[in-house]
Amino acid sequence: MEEKEVVPPRTPVEEELVGRVAWQIQLRWFAALGVLTATWFASSILDIQLPQWPLYTIGLSILLYNILFRLYLERRFSYPSRTKSSGYIYSALFRFHLKRLEREAPATAAIFDRFAKVQTSLDWLAMILLVHFSGGVESPLLFYFIFHLIIASILFSPLACYFFATLAAFAVGALATLEYGGLIPHISLGFISIPLYQNGLYIASLLFFFTTCLYISVYMATSVTLNLRQKDRELLRLQQRLSSAYQRIQTLYEVTKTVSSTLNLEEVLNLIAQSAVEAMQVKACTIRLLDESGQMVDTVAAYGLSEQYLTKGPIDVQKSLQTYQTLSSGQPVIISDTSRDDRLQYPAEAKAEGINSMLCVPLFIKGKAEGVICVYRIEPDHFSESDAQFLSALASEGAIAIENARTYQALEMADRAKSDFVQMVTHELRSPLSAVQSMLRVLEEGYVGPITSKQQDLIQRSQRRVSFLLALVKDLLELAAGKVEQLKGEKTEVVLNETITKVTELMQTSTEEKGLELKVEIAEEPLVLVGIEDGLERIFMNLLSNAVKYTPAGGSVVVRAWSEDGQIRIEISDTGIGIPEEALPRIFNEFYRAKNAKAMEMEGTGLGLAIAKDVVEQHGGQISVESVVGKGSTFYVNLPKG
Ligand code: ADP
């Protein structure tokens, strides 16, 4: 596959033409002043016999038409006039001006080209007059034609330069002939005693060398300029390729970042399709995956295609041959011209959509080609090897995203199955446990006969164990319910100030009984969010009862709630036993209890914090803890306001 070249619309050299016109005007100031000063110097200081007035007139005319050109340039192209500004500002302004011209009608360069030619023609006229009034074929000014031609070769095409060279040769030839034939007067320079203009051989050899010198100068100057222009073009093309490569790397980076930061498969695949379109500058992109039968492909993401095209019908791997080839060969497949290729399953629809070429690469999942990613162009014959490489890189990102999503789905399903199982088992356990509890109560109260104090003690211990089991069953049920079907209950507007107050009131008695001080500091403003009241209550109940449970008598518990940065913040701190450092990362895990907690409180399910975390996250919030053993713990809950 050959790399396709993008032909730039205008090269910087062509752009510079515009700038050079201004430069030509600049030079002309010096030329006009040069003519005036040289005339004055030659006639007044060197005392050379010269037709002063015609020469002054030519100098002034050059000055005049240059002023006109300058005004035209300023008015027509709002060329920045040079005031006292430094050269740097001047050139910066001019570059800015060029950029603006670039955005203007493309005809601008053509207008400049014509403008430059008019200027050169006038200069040519001035030159021939100057030559005439400074000695005709004897004039030393003849050499200046050469440097004029060098300027022309920078400004114009080689053809135009040869034309100007011929024009100069003819003009000088005509001048020499007219002077030789006495048809126009010859102006003799005072210091040339031999009348060379009368010498046929001198004239012929001068014309010969003058003309060849002109042509050789044009040849040399234009070939250097052409070479430069070509290099410029090459540079521009390289620059374009470089910036497109940079954009592609950037795109890959962005896609990789998204793939590793989200599990939302739809989002990732759509981003890949869109990125492919933008970075490759194509019309559209689709990502398709084999279905379970392995016979059809489903479109899982698309960008840039009409609804009509996308709903054209199912894509059969056996009929869509480019899909088949991509999948079976595991290699990129290019269709250079969809109208002349019979591999498409829906050629008419592709035509109607304006798709003329396409590139498909396989999507490998666990080493197996399980999908295709295709990009479409309006132009036929436009895909290169680097396009295929880039699309394959995007395809691997897509494959990673699909694998991640599938693994996540599998994990989620396993978790759900576990929760279902826990829910089922605990549900079954609850009734017999409740029955055992009532029976123990009947026994304890002596309805089935008198009991000894030893029996009473045993019954009470059994009752405590059964109550703990019932509490465990309740927690497990709640946790499983939360995971299986999210929180039960309707989402409503909840005023957290009330919820927290309610929970602290409920905890008041146990706090007092234990001899703890309970401080509640809730902001005056309503802390409102949309959520499930029961669930939110459960969070604070769990956190507060833990604070009370794990704080020895004489300690204190503080509850604070306020709003900050669009969030509701709640802090529950205590001066209790604290959490050992090694336990902190596992504290929110199901069934986890720290050693010091177990030593203090025999009973505990290790589920309270897991439930609290689950509910907080279902409300879009975060929970965290800071703790120092022996000093106390602080739990932080952030919930989004709304
Ligand atoms: P439980 O309290 O039933 O053990 P939780 O899930 O509520 O279960 O808490 C898990 C563990 O976190 C506790 O066993 C304890 O080690 C620790 N913990 C929670 N809250 C506190 C607290 N306020 N002070 C000290 N340790 C705590």
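Arginine 288 stands opposite valine 372 in strand 6, and that pair is a handy way into this predicted model.

Residues are numbered from 1 along each chain as its sequence is written, and side-chain values use heavy atoms, with hydrogens and water left out. As the model is a predicted one, local features need pLDDT of at least 70 and side-chain atom pairs count only at pLDDT 80 or more, whereas totals for chains, interfaces and linings use all residues.

- Six strands form an open sheet in the order 3-2-1-6-5-4, with antiparallel pairing; two strands count as paired if DSSP finds at least two bridges between them.
- Strand 3 (315-316) and strand 4 (333-335) are the edge strands, and each pairs on one side only.
- Strand 1 (residues 284-290) pairs with strand 6 in the antiparallel sense over six bridges.
- Leucine 363 has glycine 371 of strand 6 opposite it.
- The hairpin of strand 5 and strand 6 has two residues between the strands, and lysine 366 takes a positive phi near 50 degrees there.
- Nine of the ten residues of strand 6 (residues 368-377) are buried, so this strand is largely enclosed by the rest of the structure. Buried means under 20% relative accessible area, exposed means over 50%, and partly exposed falls in between (1.4 Å probe, protein chains only).

**Helices across that sheet**

- Helix 8 (residues 265-280) lies across strand 1, strand 2 (296-303), strand 5 and strand 6, and runs at about 65 degrees to strand 2. For such angles, axes are lines fitted to C-alpha atoms, for helices over the stretch in contact, and values run from 0 to 180 degrees between N-to-C directions.
- Helix 10 (residues 321-329) lies across strand 1, strand 2, strand 3, strand 4, strand 5 and strand 6, at about 135 degrees to strand 6. Contact means heavy atoms within 4.5 Å.

- Helix 6 (residues 158-180) has 23 residues and spans 33 Å from its first C-alpha to its last, close to the 33 Å expected at 1.5 Å a residue; the expected span is 1.5 Å times one less than the number of residues.
- Among the buried residues of helix 6 are Cys161, Phe164, Ala165, Ala168 and Val172.
- Just after helix 6, glycine 182 takes a positive phi of about 75 degrees.
- Valine 218 is found in helix 7, and valine 218 is buried with a relative accessible area of 0%.
- Beyond its neighbours within four places in sequence, valine 218 is in contact with Leu149, Cys161, Tyr162, Ala165 and Ser223.
- Valine 218 and phenylalanine 147 are 71 residues apart in sequence and 9.9 Å apart in space, C-alpha to C-alpha.
- Serine 217 also lies in helix 7 (residues 200-261) and counts as buried, at 11% relative accessibility.
- The side chain of serine 217 reaches the backbone oxygen of cysteine 213 at 2.7 Å. A polar contact is a pair of N or O atoms within 3.5 Å; within protein, one must be able to donate a hydrogen and the other to accept it, and residues adjacent in sequence count only if both atoms are side-chain atoms.

- Five strands form an open sheet of mixed pairing, in the order 8-10-11-13-12.
- Strand 8 (517-522) and strand 12 (622-628) stand at the edges with a single partner strand each, so one side of each is left without a neighbour in the sheet.
- Strand 10 (residues 556-564) and strand 11 (residues 567-574) run antiparallel, joined by eight bridges.

**The ligand site**

- Of the 20 residues around the ligand, Asn546, Tyr550, Asp574, Arg593 and Leu609 come nearest; a residue is near if one of its heavy atoms lies within 4 Å.
- An N or O atom in the side chain of lysine 549 is 3.0 Å from an oxygen atom of the ligand.
- A backbone N or O atom of alanine 594 lies 3.0 Å from a ligand oxygen atom.

How values were computed:
Helix = DSSP H or I, 4+ residues; strand = E, 2+ residues; numbered from the N terminus.
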